[in-house]
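Work through these exercises with the model open beside you. Try each task before reading its solution.

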Amino acid sequence: MDDLLEKFAEAIAAKIDYDRMAVTIAAKLEGSKKPDDMLTSDEAAEYLGITKSNLYKLTSSREIPFYKPGGKTCYFKREDLDAYKCSNRVSSDAEIRMKAQAYCMNNKFPGSRTAPAGRKRTQP
């Protein structure tokens, strides 16, 4: 019975050592790995659906933000790429009509009988 308890205690000690070693290795690997929200140039080009050459043009003209730790390899934040993809939104026809109608209601045309809000009408 004592032999069985002794073997059980050794197995538990080995397991604890193994777990500590695994945690240490995982921490070291995590420190050397790039964060999940950072993408390389290849990954960023694929994420945006453009060629790597087009991505290079965007970085050269500073149209898209990027990071160069160490001055060589470019990295891109996923949220910056999402913001770039959502830039230059084109309004639908319905939105344009609503904006035009709101503008016309708030700003009267010259020569109309009613004055814009805040101004008094002058006699012709």
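Helices (H or I, at least four residues) and strands (E, at least two) are DSSP runs, numbered from the N terminus. This is a predicted model: local features need pLDDT of at least 70, side-chain atom pairs count only at pLDDT 80 or more, and totals for chains, interfaces and linings use all residues. Residue numbers start from 1 along each chain as its sequence is written, and side-chain values use heavy atoms, leaving out hydrogens and water.

**Exercise 1. Find the buried residues of helix α2 (residues 41-48), and state where they pack.**

Step 1. Apply the cut-offs: buried is under 20% relative accessible area, exposed over 50%, partly exposed in between (1.4 Å probe, protein chains only). S41, A44, A45 and L48 are the buried residues of α2.

Step 2. Locate them around the axis. They lie on the same side of α2, because their arc is only 100°. The arc is taken from the directions from the helix axis to the C-beta atoms. An α-helix has 3.6 residues a turn, so residues three or four places apart point the same way.

Step 3. List the partners. The buried residues of α2 pack against β1 (38-39), α3 (52-60), β2 (76-77) and α4 (78-85). Contact means heavy atoms within 4.5 Å.

**Exercise 2. Describe the contact of α2 with α4.**

Step 1. Name the residues. A44, Y47 and L48 of α2 meet R78, L81, D82, Y84 and K85 of α4.

Step 2. Sort them. Five are nonpolar, three are charged and none is polar. Here Ala, Val, Leu, Ile, Met, Phe, Trp, Tyr, Cys and Pro count as nonpolar, Asp, Glu, Lys and Arg as charged, and the others, Gly among them, as polar.

**Exercise 3. Where do R62 and N88 lie, and are they buried or exposed?**

Step 1. R62 lies in the loop between α3 and β2. Its phi is positive, near 55°. R62 is exposed, at 67% relative accessibility.

Step 2. N88 lies in the loop between α4 and α5 (93-106). N88 has a positive phi of about 55° although it is not a glycine. N88 is exposed, at 72% relative accessibility.
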